[in-house]
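Subject: Structure handover and interface notes

Dear colleague,

Please find below the structure I promised to pass on. My notes on what was found in it follow directly after.

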Amino acid sequence: MRKLANIILGIIIALLVVWELPWLYNNYAVSFLHGDEIGGQPFTLYSGLADDFIQNTDGGQGRRGISGRDYTVEEADSLLPFFWTTQLVNAGRLPDTIRGYAVTPQLIRQTNINYHHRAYDSHSNRPNCGLWLLLESLPKRVNLEDPDDAFRFTEDGIEFVNMNTGKVKPKKSKLFTDALVKKGFAFPIHELDGNPDTRKEYDEGYLLIDNNRRMYHLKMTAGQPFVKKIDRVDETVVPKFIFVTEFRSRCLRGLMTDENNVLYVITPDYEVKPLGNDIHYDPTQSNMMIMGNMLDWTLRITTEEAEEFYAVSALDYSLLKTFIAPYRSNPYLPGLHFTETLDRWVKPRFN
Amino acid sequence: MENVIECINLTHYYGKRKIYENLSFSVPKGRILGLLGKNGTGKTTTINLLSGYLQPRSGECRIFGQNVQTMDPALRKQIGLLVENHVQYQFMNIEQIEHFYARFYPGQWRKEAYYELMKKLKVAPGQRISRMSNGQRSQVALGLLLAQNPELLILDDFSVGLDPGYRRLFVEYLRDWAHSEGKTVFLTSHIIQDLERLVDDCIIMDYGSILMQCPLGHINEGFHRFHCQLPERLSDVPEQLLGEKQFYHPALSLTGELELYSFLEKDEVERRLQAMNLPHGPLMMDNLDLEDAFIGLTGKY
Amino acid sequence: MFYKEWIKTRWALLLILIVTCGYVGYELLNFLRAIGAMGGAHIWIAMIMKDEPMFVRHLQFIPLMAGVALACVQFFPEMYHKCLKLTLHLPCSHLRMMFEMLGFGLASLLVCFGLNYLILWLGMRPSLAPELYGKMLLVALPWYLAGLAAYLLSAWIILEGSWARRIFNLVVMFLCLKVFYLSSFPGAYVPFLPCLIVFVLACILLPWISIDRFKKGIE
């Protein structure tokens, strides 16, 4: 028994060592020893006017294109008029038209988009309680309001629960279940995304993927279910993850990735189109940020190996430019970790 | 005679400090054996080795024929242990502690013996041991041992904290109990007078070894102090005296008197002194009690 | 053995029970007050939208402290003047005695923690969906497991005789317990819970190392 106890202690100490020592090294020594190698790419934005990705340099004091060209800050402001709009307005330098399109500060603000998805927000990367909120998308007053019920998906339906009494609302549950079933929705649900935050301009409810990997749009308008089936781009494209965007400009319904992690957009009229030319994004392993305007978007996808920048056209979603910046080196010591930046789980992993 | 305790070639060190090397002794059944030694000679170490709370660097202790480190737990029923300072569970009162121990010694537990002693304590049955005086605590610990009624008692400094009357009572009780029931007792004490009344045999320890193991009578009857006046004042004890193995701790007093201890007969001491050509006055011989004999054997320092 | 442990720890156990249940009651009271003041729907929404240990947050270190406190009450008296010698001299297998002592402590903590959970469950059940109170009960689970681990690791430290080794053990205990507090994201520990339970069970053997060293007289 003494031997067994000592073996257990030995294992515990060994695990603590492979956990704590690399952690200490990675957190304190790496920035001293490899400080210049570990920084990611600076703020980078595609300029349609220069057809170049423009990066901040010198801690934001300078600007440089990935083409190698250096810009003055003022030049860069003018080349990124959709981003530095306030700056240009103040300097009286905002043009009336950009690439032939008439612009106003209001229009720019209205059509700019900003979206990010972090890997740890993917449902498989975090615990979910399984209760969701569905807002009324046509509220009586101007602002969106909190609902008085929450819903859960069951094996064969959707169930609304009154949050004040804790009791299931059988009528509403049946109404919504029937509406989904009528459109061919196959329970149980495979994946869903929605953003039941009332501090936004409008509500698109939820985008759903059913058990047969078909996509649906569900929202509540005037208390009634609105369900729309979204056709696949073609039968070979099997949706895996789906994202509600709710951009102020309403230029998209959402985004979608398929089994091969290819990224698609869902247009306002429910068309599914590939974004760029075969941009791959695994929402469970990478973070994605989209900053865009009425003409082009910059996608920044941070994977384990590289930071990828894609410029795509906001008009036809075609790929305009690509910039892949692999990490220079990996100075981090492998070791035991319990938490990761990519997910919310606490579990042992060695990397 | 059957040996209850056997220690064979014990060697122990605390760090680099040697306590003893190749120490061997045994305690026969039915004997009361006292372990005497000056501070630091390893009395408590020996008790700890015997009770299994210290692993010797080499050698082994056997009780009832079994190695104390690997002994069958049931055998501990027959070993009563009084640990240093008479420690007992402080959080119990005298009833609870009796109740607790009784369950471990079915068939041999003598509840009356315990309560007999406790009656003399004049403490309330509900009083916790932590609130008792040292002497009272010691009596609880001893009472529990007597209730356990084991075949072998190991007592570490049993007289600590006991007042003279109770000490005497306990010594007499213990002696009668051991002799009438053939129990074996192994004990240490700081108060050598107690041992004199109690023990059959003694082991006298010196630093690193056993000076002697013998029946008490052997010391009482055969060990004497000799003293005589030397004609000339000497500053140091003569070399030839120090070299005589049969003379223990020869020393000069301030008045120039020579004092030594020996198991030899008076005539033999006289003869050896003359053989050393050491002129001296008339040789006197004193009988010794155990404490004096202990000092004579081990020296004052 | 249980009798001795009971006599030794009964008042402390009562105190631990009162304090832990008191904290749970306090959290529950806050919860019920919030429901009363803002309405159930508001609380539901907050709980669905926020990934925080709402209404159990203050319980985080309570089980841990309960575990350490019980270990202190149970094992410091054993080490006082080396009382453990008395225990180990009892005519029972040492291993069995250790398991009985630790078993008593673990069982007491489990009763106490179980009662905490029962109060939380009974208090939250009428006003929350199972998903929501489940979320709160789950977030507290690693903390309660930490309480059990802290108890066993503290016993390991207290029963150790050498100060240098005690400090080493203390560092090991600190790091081990850190694992239970890496995230307060509700449910984050779910895939890891079986491992943590195995760890707690494995810790039952650690005090044996200290007892074994005690028997060898290592100080």
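Between chain B and chain C an area of about 2600 Å² is buried, and carbon and sulfur atoms give 67% of that area; buried area here is the accessible area, taken with a 1.4 Å probe, that two parts lose on being put together, summed over both. Three residues, B:Y53, B:R76 and B:F91, supply 27% of the area that chain B buries against chain C, which is more than any other three residues supply. In terms of contact (heavy atoms within 4.5 Å), 28 residues come from chain B and 26 residues from chain C.

This is a predicted model, in which local features need pLDDT of at least 70 and side-chain atom pairs count only at pLDDT 80 or more, whereas totals for chains, interfaces and linings use all residues. Residues are numbered from 1 along each chain as its sequence is written, chains are lettered from A and ligands numbered from 1 in the order in which they are written, and side-chain values use heavy atoms, with hydrogens and water left out.

On the side of chain B that touches chain C, β6 (79-82) and α2 (94-102) of chain B each supply at least two residues, and α2(B) gives the most, with four residues. Helices (H or I, at least four residues) and strands (E, at least two) are DSSP runs, numbered from the N terminus.

Turning to chain C and chain A, about 3200 Å² is buried between them, with 79% of it on carbon and sulfur atoms, and the contact takes 39 residues from chain C and 36 residues from chain A. C:W44, C:E131 and C:F185 supply 17% of the area that chain C buries against chain A, more than any other three residues. The count here is four salt bridges, including one between C:D51 and A:R126, whose closest N and O atoms are 3.2 Å apart, and there are seven residue pairs in polar contact, both at pLDDT 80 or more. Among the elements of chain C that give two or more residues to the side touching chain A are α2 (40-49), α6 (130-159) and α7 (163-178). That side divides into 28 nonpolar, four polar and seven charged residues, where Ala, Val, Leu, Ile, Met, Phe, Trp, Tyr, Cys and Pro count as nonpolar, Asp, Glu, Lys and Arg as charged, and the others, Gly among them, as polar.

Within chain B, the domain assignment gives domain 1 (3-219) and domain 2 (223-298), with bounds that come from an automatic or database assignment. Their centres, taken over C-alpha atoms, are separated by 36 Å, and the two domains of chain B bury about 1200 Å² between them, 75% of it on carbon and sulfur atoms.

Best regards

Conventions
Salt bridge = Lys/Arg side-chain N within 4 Å of Asp/Glu carboxyl O. Polar contact = N/O pair within 3.5 Å; in protein donor to acceptor, adjacent residues only side chain to side chain.
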